[in-house]
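Q: How should I read a metal site and a helix contact in a model like this one? Please take them one at a time.

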Amino acid sequence: MMPVRRDVHPHLPPARISDWHERGRHVTHFINALSIFFPAGERFFMDSVRNYRDQVKDPELSRAIAGFIGQEAMHTREHILYNRLMENAGLPAAALDRAVWKLLDLLRKILPRSWQLAHTIALEHYTAMLAGGLLQDSRHMGSRSEAGYMQVWTWHALEETEHKAVAYDVWNTVMKPGPYRYFVRTFTMLSTTVTFWAMVFVFHIALVMADKDCRNKLPGFGSVMRFLWGSPGVLRKMIPEWLSYFRPGFHPWDDDNRAELARIAPLIAEIEDTARRAGASTRAPSLRSAA
Ligand SMILES: [Fe+2]
Ligand SMILES: [Fe+2]
């Protein structure tokens, strides 16, 4: 599997940033909370892999690393724009983004490089699980949600799937097999699980509370609980794959969902079509500069 960098510009109508999902504002803010992690998170992933680039002698894996970095850079660019729409709508996206940068800068300082890479493969497993669910079950994005937002998440999910094994293959290449490697990999999955979801929870609440047009703030969280644990059950369905990470011989492609990647070309055509229909004024000049 060779990841390819694609220069994609999904069109995100600013007016829909807080209610683009068909299930309403609470589910929208939950998914938007995930977007806040990407600029700092994906920079951390790229750096963790770059740290070991010189030790990779396999030319195919070296090419895959280049593709992985190229894809994450494009995702970062589009999520910076996405997050800026939240900030412009009066939501505290910039402050939350700074909190993620601070945490990851701290991890860079205090953790050895191998532990940084271990965090990356754990979080890449999370993005792969979320992406796999999104691609498998159309209810995650819905059918009546705003097109551009569905497209940015579907594009991101497809590329996360395409490169899901790259950081992991680097890990297996540079770390000596044995109990220590297994311990670091699984321990960081446990610690990441606690920290990541605690932060998502806090960010989600912060976005909902800051949204002046969001009525029924407390009862609305029920819709998110149904979305995550009931139907479609985004997190509930993730449990077997989360557990599979603890198998000593785990590999991301054990779950072979590469057939989904056939959707990339038609999706990109659709993204271009949506952007064209929206016209040249889809992006404010101030947003262009962020790219
Ligand atoms: Fe990404
Ligand atoms: Fe990724």
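The dialogue below goes through the metal site and then a helix contact.

A: Keep in mind that this is a predicted model.

Q: Which residues are the protein donors of the iron ion (ligand 1)?

A: The donors are Glu 42 (OE), Glu 72 (OE), His 75 (ND1), His 156 (NE2) and Glu 160 (OE). They lie 1.8 to 2.3 Å from the iron ion (ligand 1).

Q: What spacing do the donors follow along the chain?

A: For the iron ion (ligand 1), the spacing is E-x29-E-x2-H-x80-H-x3-E. Glu 72 is in helix 2 (residues 59–88) and Glu 160 in helix 5 (residues 147–162), so this pair ties together parts 88 residues apart in sequence.

Q: Are Glu 72 and Glu 160 buried or exposed?

A: Both Glu 72 and Glu 160 are buried.

Q: Which residue bridges the iron ion (ligand 1) and the iron ion (ligand 2)?

A: Glu 72 does, and the two ions lie 3.8 Å apart.

Q: Now the helices. At roughly what angle do the axes of helix 1 and helix 7 cross?

A: For a helix pair, read the axis distance and the angle together. The axes of helix 1 (residues 25–50) and helix 7 (residues 179–210) come within 8 Å and cross at roughly 125 degrees. That makes helix 1 oblique to helix 7. The crossing is right-handed.

Q: Which residues meet there, and how many are nonpolar, polar or charged?

A: Residues of helix 1, including Phe 30, Leu 34 and Phe 37, meet residues of helix 7, among them Phe 196, Trp 197 and Phe 203. By class, the contact of helix 1 with helix 7 has twelve nonpolar, four polar and no charged residues.

Definitions and conventions:
Residues numbered from 1 in each chain as written. Chains lettered and ligands numbered in written order. Predicted model: local features only at pLDDT ≥ 70, side-chain atom pairs only at ≥ 80, totals over all residues. Heavy atoms only, no water. Donors = N, O, S within 2.8 Å, 3.2 Å for Na, K, Ca; no water. Helix = DSSP H or I, 4+ residues; strand = E, 2+ residues; numbered from the N terminus. Buried < 20%, exposed > 50% of the residue type's maximum accessible area, 1.4 Å probe, protein only. Axes fitted to C-alpha atoms, helices over the stretch in contact; angles between N-to-C directions. Parallel < 35°, antiparallel > 145°, perpendicular 65-115°, else oblique. Left-handed = near helix turned anticlockwise from the far one by under 90°. Contact = heavy atoms within 4.5 Å. Nonpolar A, V, L, I, M, F, W, Y, C, P; charged D, E, K, R; others polar.
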